Amino acid sequence: MSAVEGPGGLLVGKAGPSMEREVVAQYREPYGPVRACDADRLRGLALEEFGPVTEPVPYRGRKGIITYWPVASREQTVVCGSLRQWRLALELDFEPAWAAFSASPVELRWRANGRLRRWRPDFVARTLDGVREVLVLKPLSEESLPVARLQILEAVARAAGWRVRQVREPSGLRGRNLAWLAGYRFGTGDEDGRGQALLDAFREPTGLRAGVAASGLDELTGLDLAYRMLWQRQLLFDDCQPLLPDAVAWTA
């Protein structure tokens, strides 16, 4: 996953040995009430299949919108509370390494300096091999989240059996390419024969328009299907180039 940096090196210093017992986690199972538990009771809990603890609420001056994102690979709608979360949801939906993911399905609460602190990590996701990860977006102008917050998260992750990653959402050309392809992420159910014609036409790297012409499909239908197959990873492309009609693609 290109937007994700390695899981190591998150902490400066170590969390106290009892820190995870001082944190209360809140979550809500689908169609159920909000529940609270200690960090160790999060182990094995399928948070990546749950919705947010409560629906995000927009407020004046917020840089973003609330997005209800239907996931392409499973019957799930992910509620993103900001544009940054939505962009990362695009990446998680596109990359085949992720089996399931959800935005802000858990809220961590703890006391520091006599005050109640609350934080919802951006995503909980499960990989195809069953590893559960919590993904947190880095601040826009920083290389890491605040140490105190990461110490809390690392302690909870240790108790829950999670891995922790600091990430950046896809941006620039990659972000624009993914946003374009996402519009083609759902199949139409009648693509098998035409899809094989496109696979045959792209055995060698070929421009999209030229490959569609070689397949015998009409240009509009062929390009629509080619973009759908790019999302599905049946066709591959150079994500350092914009996905114009003449972008080069090839069979996976």
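Predicted model: local features only at pLDDT ≥ 70, side-chain atom pairs only at ≥ 80, totals over all residues.

Visitor: Let's begin with a helix. How many residues does H1 have, and how far does it reach?

Guide: Helix H1 covers residues 83-94, which makes twelve residues. From its first C-alpha to its last it reaches 17 Å, close to the 16 Å expected at 1.5 Å a residue.

Visitor: And how many of the twelve residues of H1 are buried?

Guide: Nine of the twelve are buried, so H1 is largely enclosed by the rest of the structure. Among the buried ones are Arg84, Gln85, Leu88 and Phe94.

Visitor: Which residues does phenylalanine 123 contact?

Guide: Leaving aside neighbours within four places in sequence, phenylalanine 123 is in contact with several residues, including Gln85, Leu88, Ala89 and Leu92. Others in its list include Val78, Phe101 and Leu135.

Visitor: What about the largest nonpolar core: how many residues are in it?

Guide: That core has 40 residues. Phe123 is one of those with the most contacts inside it, and so are Phe101, Leu181 and Tyr227, among others.

Visitor: Which element gives the most to this core?

Guide: That is H6, with seven residues. Apart from this core lies another, of 26 residues, among them Tyr27, Val124, Leu150 and Ala159.

Visitor: New topic: aromatic rings. How many aromatic pairs are there in the whole structure?

Guide: A search of the whole structure finds seven. In one of them, the rings of tyrosine 27 and phenylalanine 50 have their centres 6.1 Å apart and their planes at 25°, so this pair is stacked.

Visitor: Where do tyrosine 27 and phenylalanine 50 lie?

Guide: Tyrosine 27 lies in strand E1, while phenylalanine 50 is in the loop between strand E2 and strand E3, so the pair ties together parts that are 23 residues apart in sequence. Both residues are buried.

Visitor: What about tyrosine 184 and tyrosine 227?

Guide: Those two form a tilted pair, 5.2 Å centre to centre with 35° between the planes. Tyrosine 184 lies in the loop between helix H3 and helix H4, and tyrosine 227 in helix H6, so they tie together parts that are 43 residues apart in sequence.

Visitor: Is tyrosine 184 buried or exposed?

Guide: Tyrosine 184 is buried, with a relative accessible area of 17%. Tyrosine 227 is buried too, at 5%. Together with Trp180, they form one aromatic cluster.

Visitor: What lies over the face of tryptophan 69?

Guide: Arginine 185 does, at 3.7 Å from the ring centre.

Visitor: Now another arginine. Where does arginine 132 lie?

Guide: Arginine 132 lies in strand E9, which covers residues 132-137. Its relative accessibility is 13%, so it counts as buried.

Visitor: What does the side chain of arginine 132 reach?

Guide: It reaches the backbone oxygen of leucine 45, at 3.3 Å. Not counting residues up to four places away in sequence, arginine 132 touches several others, including Gly44, Glu48, Val124 and Trp162.

Visitor: One last stop: where is leucine 235, and how far is it from phenylalanine 202?

Guide: Leucine 235 is in strand E12, and it is buried, with a relative accessible area of 1%. Leucine 235 and phenylalanine 202 are 33 residues apart in sequence and 7.9 Å apart in space, C-alpha to C-alpha. Phe202 is also among the residues that leucine 235 touches, as are Leu199, Met229 and Trp250.

Terms used:
Residues numbered from 1 in each chain as written. Heavy atoms only, no water. Helix = DSSP H or I, 4+ residues; strand = E, 2+ residues; numbered from the N terminus. Buried < 20%, exposed > 50% of the residue type's maximum accessible area, 1.4 Å probe, protein only. Polar contact = N/O pair within 3.5 Å; in protein donor to acceptor, adjacent residues only side chain to side chain. Contact = heavy atoms within 4.5 Å. Expected span 1.5 Å × (residues − 1). Phe/Tyr/Trp six-rings, centres within 6.5 Å; stacked < 30°, edge-to-face > 60°. Lys NZ or Arg CZ within 6 Å of the ring centre and 35° of its normal. Core = buried A, V, L, I, M, F, W, Y, C linked by side-chain atoms within 4.5 Å.
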